[in-house]
Amino acid sequence: MSKTIMTVDDSASVRQMVSFTLKGAGYTVVEAVDGKDALTKITGAPVNMVITDLNMPNLDGIGLIRAIRALPDFKFIPIIMLTTESQDTRKQEGKSAGATGWIVKPFKPDQLLGVVKKVLG
Amino acid sequence: MSSDEGLDKGREIFIEEAQELLTELESALLELEENPADTELVGRVFRAMHTIKGSGAMFGYDDIAKFTHEVETTFDMVRNGEIPVTTNLINLTLMARDQIRTMIEASQGGPQVDEARSKEIISGFKLVMAKDSAEREVASSVTATDTSTTGQKEAPIGRTSIVTYRVRFRPAPELFATGTNPILLLNELREVGKATIIAQTEAIPALEDFDPETCLTYWDIVLTTDKGIDAIKDVFIFVEDLCEVKIETIDEGGVFDEDERHLKLGEILLSRGDVRLDDLKGVLGKQKRVGEILVELGITDESHVASALAEQKHIKEVKEQKQKTDTASIRVPSEKLDKLVDLVGELVTVQARLSQTVTDFSDGVLMSISEEVERLTWELRDNTMSIRMLPIGSTFSKFKRLLRDLSADLGKEVNLTTDGAETELDKTVIEKLNDPLVHIIRNSVDHGIEQPDVRVAAGKSRYGTVHLTAGHSGANVLIQIQDDGKGLDKDVLFAKAVEKGIIQPDAELSEKEIFSLIFAPGFSTAQKLTSVSGRGVGMDVVKRNIEALRGTVDIKSKLGVGTTITLKLPLTLAIIDGLLVKVADDFFVIPLSVVQECVELTKEDIARMHNRHISNVRGAIVPYIVVREHFLVDGPRPDVEQIVVTEVEDKRVGFVVDYVIGEHQTVIKTLGRIYRDVEGISGATILGDGTVALIMDIPKLVSVVEKIESSSYETALSA
Amino acid sequence: MFSHKLDKTGELLLTGDLTLQNIKDVKDALLNAINKASAVTLNLDGVTDVDFSFLQLLRAAQKSCEIREKTLTLENVPKRYQELAEESGFAH
């Protein structure tokens with residue numbers, strides 16, 4: 001059974017790229033446009049991993065990570081945040097919120113797959 | 001060495017390495033075609049491409065690096081299971097392989113590379129990548145120039161040292177709450193290098209006190225890798241705040257201690273901080289094993305001792321592995337070997353002179369020294385010869401490709417099976433054997449193996465088989481090429497030979513003689529010429545080449561069942577056992593391998609046979625060549641001469657000489673250019689006293705006498 | 001998803017995922033079994049998945065059993081468990 005990964009980003013092009021890459025590698029992908037959308041879609045879905053942007057409207061990445069970790073079903077799933085080099089403090093915040101790791105933007109498809117393999121197996 | 005020289009040397013090594021890799025690549029591809037699911041083979045193809053690309057770029061072969069990159073990328077995808085192995089992919093990669101070879105040859109002054117073809121092949125690969133996952137086509141072109149930073153690191157190009165690290169990975173209890181699975185990290189470490197991993201669980205309390213959502217285990221890891229400490233740190237990059245990761249170098253360069261000493265168990269435990277020095281001192285010197293005592297005394301626990309023991313074992317294994325690869329082989333230019341063989345040859349000659357001189361002195365001390373030198377010389381000679389020996393397997397694997405291409409061209413289905421690939425032969429023999437073998441295999445596939453439907457109709461498997469066997473037989477190597485094709489048709493061969501004017505219509509030939517007709521110049525049995533083997537030249541060239549190697553060709557065939565061609569070759573070309581003979585003041589050497597016996601020839605014998613160069617050797621008629629006449633040696637023939645009876649291809653021919661001196665170990669020297677065309681002489685050797693002896697080319701001389709033979713033979717019978 | 005059933009002989013049948021998600025429930029079931037029986041047999045026949053947290057849990061359970069001089073036996077151990085033990089460096 002293929003694993004399901006949720007990609008959360010307000011940028012359609014980033015979602016597109018992440019989704020394309022992951023589907024190509026055999027994963028099932030669920031897309032969400034922001035934190036709020038993600039929280040709605042995650043309940044009841046068999047999501048094995050979340051890849052989220054940090055800067056998003058409605059509910060941002062940090063908030064989303066905290067919220068997901070609070071859900072019993074997703075307490076231990078890997079969560080990867082997309083950051084930029086300049087967001088070191090945000091990265092720390094994300095980590096203390098419960099993020100598993102991060103990918104620095106811009107990134108290449110095989111970097112993405114490398115990180116997914118690292119945390120999801 | 002200036003940097004330019006260094007670069008040139010590097011290029012040289014690259015070319016050599018690339019050629020080996022291309023051979024390896026080819027055999028891996030052909031095996032892969034048979035086992036498309038074998039990931040190990042995919043890995044081999046990938047690694048070959050990867051190395052060609054990496055080293056190519058380093059030495060300025062940018063075109064090769066660029067070209068190879070596409071193939072590598074494709075096989076990386078195959079390796080990741082993203083693209084299946086198809087016949088199309090194999091064909092394309094074989095083409096690419098040939099193109100890379102052309103590029104290498106072009107850089108060596110070979111013909112220009114067909115750029116259009118390179119482009120064609122590359123677009124072929126792009127198509128393969130695009131077809132299987134449209135989206136990744138974009139991805140791969142984006143990543144074409146660099147590699148991921150967080151994913152697996154590529155091994156640095158060139159020689160990096162192999163280092164063994166001791167890693168203690170102790171995660172914070174709340175590790176799981178970050179979504180981290182420590183086991184994935186351990187697996188990642190295993191990809192970095194050879195890892196021995198031991199879990200330490202003493203911190204886990206009894207069940208009632210245990211919070212199962214905490215990680216209370218830590219790990220002792222011994223890791224040997226050439227990727228450097230950063231590759232290890234990268235594994236833990238996401239968890240470095242949450243975990244204690246202690247990395248210590250316990251060995252650099254893969255050599256543990258100059259004096260081959262492993263760290264003792266106590267030392268390992270001590271350096272890990274698992275025991276204190278005082279405790280250790282207390283138990284050392286007791287008769288029991290240190291580990292057992294430490295555990296008994298409660299100084300440390302079993303799992304720490306187990307972990308230290310595992311480290312000991314790991315290091316031992318790495319060391320053994322290193323020793324194995326260190327001693328496995330050493331690359332030396334073949335000219336150096338040739339020079340060595342030459343020198344040994346000279347030494348053998350000088351040694352013979354020494355022995356001879358010593359006999360004249362009859363001095364006991366000198367004699368024993370001389371004998372010692374003789375023994376050492378022979379040993380040195382045998383060793384030197386064995387260095388030049390190579391397994392024939394590399395040649396065999398080349399034929400796999402040949403056969404594949406041939407059968408595809410001819411619409412036949414043929415398998416190649418081999419036996420005795422490990423059989424060793426002199427390097428020069430192997431090189432010179434290539435063309436004859438190509439000819440024979442071509443013939444087997446073209447003329448021997450039938451079309452699949454013909455085979456099925458004949459009740460055979462639709463797949464033909466060509467079986468190559470190599471094996472030792474005394475001082476010779478036998479190479480057999482066996483096919484299960486339609487076999488040789490005696491009547492057809494005979495008719496053809498008559499038609500070509502090779503034999504007379506009323507000639508009476510044995511089966512063997514008829515089969516041998518295919519080695520006659522200008523003979524072709526196929527109904528029409530094919531592009532594969534019908535090139536006018538063929539089996540006659542094979543025979544000549546094999547004879548030039550002082551070998552023989554034998555052919556057996558059964559109609560409808562198949563044909564077997566057997567090549568008999570000497571183990572080495574540099575030294576032969578010969579029979580030393582004398583004609584007037586000239587010395588000749590006849591290779592001992594063809595000598596059958598020596599008989600006397602008196603003036604009466606000659607008269608009895610009416611001067612007809614025929615002798616009666618115990619009732620059998622044997623034609624002979626008078627060496628004196630053939631090589632125009634002056635002087636009268638002695639009353640009693642010697643006939644050295646030789647046998648080549650079941651034909652017995654005598655050589656008449658004045659004296660037979662005895663066996664002689666002959667180091668062959670090539671003749672100068674002036675003498676190269678002298679028929680019947682294959683080389684020269686220097687005798688103990690410095691005299692030159694000529695080595696007779698018996699097969700060539702026999703073929704000369706053959707022409708005279710038939711007429712003389714008939715006259716002899718009527719006489 | 002996880003369920004368990006303890007019978008009178010001390011056999012604890014575990015079904016479903018023995019992973020972090022359920023590990024607290026698995027612990028409770030295991031502790032209950034150790035409390036009740038003197039010889040516990042863990043039947044893993046119905047196990048669909050297992051992760052590292054279960055390996056740790058078993059170590060803890062073994063310690064409990066050692067202290068209380070009870071026995072703990074595994075039955076129908078799935079292949080994945082063996083692999084995981086290897087990967088985790090527990091196999092020594």
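Q: Which residues make the nonpolar surface patch in chain B?
A: In this predicted model, the patch is made by Phe361(B), Val365(B), Leu366(B) and Ile369(B), and it covers about 400 Å².

Q: And which helix gives the largest share of the patch?
A: That is helix H14 of chain B, residues 364–387, which contributes three residues to the patch; Leu366(B) lies in this helix.

Q: Is Leu366(B) buried, partly exposed or exposed, and why?
A: Leu366(B) counts as partly exposed because its relative accessibility is 36%.

Q: What does Glu511(B) pair with?
A: The side chain of Glu511(B) meets that of Lys490(B) in a salt bridge, at 3.4 Å from N to O. This pair links distant parts of the chain, with Glu511(B) in helix H19 and Lys490(B) in helix H18, 21 residues apart.

Q: What about Arg618(B), which partner does its side chain meet?
A: Arg618(B) forms a salt bridge with Glu597(B), at 2.9 Å from N to O, and the pair joins the loop between strand S15 and strand S16 to strand S14 of chain B.

Q: Which residues are linked in a network of salt bridges?
A: The network links Glu26(B), Glu33(B), Arg97(B), Asp98(B), Arg401(B), Arg404(B) and Asp405(B).

Conventions:
Residues numbered from 1 in each chain as written. Chains lettered and ligands numbered in written order. Predicted model: local features only at pLDDT ≥ 70, side-chain atom pairs only at ≥ 80, totals over all residues. Heavy atoms only, no water. Patch = residues over 30% accessible without salt bridge, like charges linked within 9 Å, V, L, I, M, F, W, Y side chains within 5 Å. Areas by Shrake-Rupley, 256 points an atom, 1.4 Å probe, with all protein chains shown as cover. Salt bridge = Lys/Arg side-chain N within 4 Å of Asp/Glu carboxyl O. Helix = DSSP H or I, 4+ residues; strand = E, 2+ residues; numbered from the N terminus. Buried < 20%, exposed > 50% of the residue type's maximum accessible area, 1.4 Å probe, protein only.
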